[in-house]
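Here is a friendly walk through one protein model, written for reading beside the viewer. Keep the sequence and the structure open as you go.

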Amino acid sequence: MKNVIFKKTVFSLLLLLGFIGFSQSLPLSKEAKISVITCGLGNETYSYFGHTAVRVADPGNNIDIVYNYGNFDFRTPNFVAKFAKGDLQYFVSVRSFSDFINDYTTEKRSVFEQELLISQDLKQKLFDNLNATLAPENRYYTYKFIDKNCTSMVADIINKSLDGEVITKKGDTDQTYRSILFPYFNGHFYDQLGTSIIFGTKVDQPGTKIFLPFELKNNLEKTTYQNHPLAAKSKTLLTFEKETLGSWWNNVYTYLIILGFVVLAHNKIVDKIYLLILSFIGIFFVAVGFYSLHQELAMNYNVLLFSPLLLIMIFFSLTKNKRWTYRFAVLHLLFLIFYTIFLINKAHFLIVLPMIITSGFVLVRVAIRNKKRIPIII
C-alpha cells in the first residue's frame, strides 16, 4: 500500500514538473473531479479580463492540480517585437491547486469553480488530452487575442474530449467584440481609449466566439450534454470586491482638460503640436497594421482621425504654402465628417467624440488661417 502511494506521489510531482503526462496516463479514480476555474478581474493589464484554467482533483491518486494555458516567458529573445507582431509563443503549464489559489488570494481576485458533470470515461479522456498538451510538440501555441487564448483553449479541449462543439456561444451573438470588451476597461480610462483607437474592423464583427473567461463561465451554466447540464452550479472558492484604483491622471478629466486647452489656446504652435501627435499615432497604426499578425489591429479606420497625411499638412504649413495647407485642412475635415458618421453606432463613439470635436476646431482654424491668399475655386 505504501508503495502504491509513493508511486502516485512521484507521478504527481513529475506531472507538476511537466516531465510526464503526455506519453503515459494515470487512470483516474472514481473520486476524480474535473472543473473549469474562472478567476476574477484584476487591475493589471494582463488581468483586466480575468482568467480561465482547468482543475483536476483526484484524492485517490493524491492529485489536485491546475492546467493553465495563459503562460508566456518574458525572457524570450525579442519579446516586445514578437508580442507586437503576434507570433509570441504562449504555453500550457501545470501547478498545484494550493499554489494557484494562494496566488489569487494574494492578488485579491475572486475564484469560481464549475465541476463538469461527465462520465468517468470522458473524465479520463479529458485528463489524457490535458496531459497531451504538455508534450513539447503540443505545449506551445501562438496567442491570438480573440481566437486563441486561455479561455478558448479550455473550451476547445473540452469540446475535443466530448467529440463535438458542445460549448458554444449562447445569446448576445449580435453584440460586437468591441462592445463586449469596452466595459472591462472601466476605471482604466487611457487603456480604454487606447484599445478603442488601436483596434480595427475585426472587433466590430458580431461576437460569436467565446473568448473571455466570464463568457465561458456564463455559457457553461446554459450548456447541456446528453440531456443533462454539462456543469454543476458555480461554486465560489474566493470572493473579493474588485478594487478600482484611483489615479490623478488616468481619468476622463485630464483627457478633457488637455483637449480643452488645445481648443481654447487658439495658438498656432499648440495646434501644430496637437496635429503632429495625431499624425505620429496614425503612422504607428499603419505600421502596426502591416507588421503585426494580430488581425484585431488590421484595417484600422481610426486613421481617418489619426491621419498620417497630417504630417504633410504640417510640412506645407511650415514652408508657408498656404494653398496646399488649406487643401489638406479641408481634406481632413471631410475625413472627420466621414469618420464621425461611420463611428456613430460604435461602442467607442463617446470616448473619441471630444477628440473629434477638438480636431474639428483645429482644422477649421488652420483652414481659415490659410484661405486668405488662395483663389476661391481650387
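Residues are numbered from 1 along each chain as its sequence is written, and side-chain values use heavy atoms, with hydrogens and water left out.

The average pLDDT (the predictor's confidence in each residue, from 0 to 100) is 89 for the protein, and 90% of the residues score at least 70. Two stretches call for care. Residues 1-11 stay under 50 in pLDDT, and the model has five contacts for them beyond four places in sequence; a contact here means heavy atoms within 4.5 Å. Residues 19-23 also have pLDDT below 50, with 13 contacts in the model beyond near neighbours in sequence. Where pLDDT is low, the predicted coordinates should not be read in detail.

## Overall make-up

The protein comes to 14 helices and nine strands. These are DSSP runs numbered from the N terminus, with helices being H or I of at least four residues and strands being E of at least two. Of the 378 residues, 47% count as buried; buried means under 20% relative accessible area, exposed means over 50%, and partly exposed lies in between (1.4 Å probe, protein chains only). Among contacts between residues at least 6 apart in sequence, 78% join residues at least 24 apart.

## The open sheet

In what order do the seven strands of the open sheet stand? Follow them as 6-4-3-2-1-5-9, with antiparallel pairing; two strands pair if DSSP finds at least two bridges between them. Strand 6 (140-142) and strand 9 (235-238) are at the edges with a single partner strand each, so one side of each has no neighbour in the sheet. Neighbouring strands are turned by 30° against each other on average, direction ignored. For such angles, axes are lines fitted to C-alpha atoms, for helices over the stretch in contact, and angles run from 0 to 180 degrees between N-to-C directions.

On one side, strand 3 is joined to antiparallel strand 2 by six bridges, and the two form a hairpin with four residues between them, where N62 in the turn has a positive phi of about 60°. Strand 3 (residues 63-71) also pairs with strand 4 (residues 89-96) in the antiparallel sense, over five bridges. Y67 shows both pairings, as the bridge partner of V54 and as the residue opposite V94 in strand 4. Further along, N71 has F91 in strand 4 as its bridge partner.

## Helices across the strands

Helix 3 (residues 97-106) lies across several strands, including strand 1 (33-39), strand 2 (51-58) and strand 5 (111-115), and runs at about 105° to strand 4. Helix 6 (residues 150-161) lies across strand 1, strand 2, strand 3 and strand 6, at about 45° to strand 2.

## Aromatic side chains

The structure holds 22 aromatic pairs. Rings of Phe, Tyr and Trp (its six-membered ring) pair if their centres lie within 6.5 Å; planes under 30 degrees apart count as stacked, over 60 as edge-to-face and the rest as tilted. Y190 and W249 are a stacked pair, 5.6 Å centre to centre with 15° between the planes. This pair links helix 8 (residues 189-198) to the loop between strand 9 and helix 10 (252-265), 59 residues apart. Y190 is partly exposed at 24% relative accessibility, and W249 is partly exposed at 44%.

Y301 and F342 are edge-to-face, at 4.7 Å and 70°. Y301 is buried at 9% relative accessibility, whereas F342 is partly exposed at 33%. The ring of F342 also has the charged end of K346 over it, 4.1 Å from the ring centre; a charge sits over a ring if NZ of Lys or CZ of Arg is within 6 Å of the ring centre and within 35 degrees of the ring normal. Likewise, R55 places its charged end over the ring of F97, 3.6 Å from its centre.

Methods
Predicted model: local features only at pLDDT ≥ 70, side-chain atom pairs only at ≥ 80, totals over all residues.
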